Amino acid sequence: MAARRPCPVDGCDGTRSPRQLLCRSCWIRVPQPVRHDVWRHWFGRRYAPSAEERATAARAWLAAAREAEAAAAASLAKSRRERA
Ligand SMILES: [Zn+2]
């Protein structure tokens, strides 16, 4: 089993597997269109993509990752405010 990695979302102490973008609790906060983009551009291409496809997927994934991270962080902050 691969080592767990820290979740990249600010204020989250969860962990993710190397194949995951965010920890599970942050991932479920990501808006569905962004999740679909991640799946379409990244996970859906992991079977023998060409170098060009990998580069395209990596760019899309990085953009989606930033978007997902921002969305998850905003959602986390919002839920903390609501709990406080
Ligand atoms: Zn997280």
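This is a predicted model: local features need pLDDT of at least 70, side-chain atom pairs count only at pLDDT 80 or more; totals for chains, interfaces and linings use all residues.
Which residues make up the largest nonpolar core?

View 1. Residues are numbered from 1 along each chain as its sequence is written. The core consists of 11 residues, namely Cys7, Val9, Leu21, Leu22, Cys23, Cys26, Val30, Val38, Ala64, Ala68 and Ala72; a nonpolar core is a set of buried Ala, Val, Leu, Ile, Met, Phe, Trp, Tyr and Cys residues joined through C-beta atoms within 7 Å. Helix H3 (residues 51-83) gives the most to this core, with 3 residues.

**View 2. The surroundings of Val30.** Val30 sits in the loop between helix H1 (24-27) and H2, and it counts as buried because 23 C-beta neighbours lie inside 10 Å, where buried requires 20 or more other C-beta atoms within 10 Å of a residue's own, with C-beta atoms placed from the backbone. Leaving aside residues up to four places away in sequence, Val30 touches Leu22, Arg35, Ala68, Ala71 and Ala72, a contact being a pair whose C-beta atoms, placed from the backbone, lie within 7 Å. Val30 and Ala71 are 41 residues apart in sequence but 6.0 Å apart in space, C-alpha to C-alpha.

**View 3. Elements and confidence.** The elements run β-β-α-α-α from the N terminus, helices (H or I, at least four residues) and strands (E, at least two) being DSSP runs. Among these elements, helix H2 (residues 32-41) has the lowest mean pLDDT (73), and strand E2 (residues 15-16) the highest (88).

Methods. pLDDT is the predictor's confidence in each residue, from 0 to 100. A residue is buried if 20 or more other C-beta atoms lie within 10 Å of its own, exposed if 12 or fewer, and partly exposed in between; C-beta atoms are placed from the backbone. Two residues are in contact if their C-beta atoms, placed from the backbone, lie within 7 Å.
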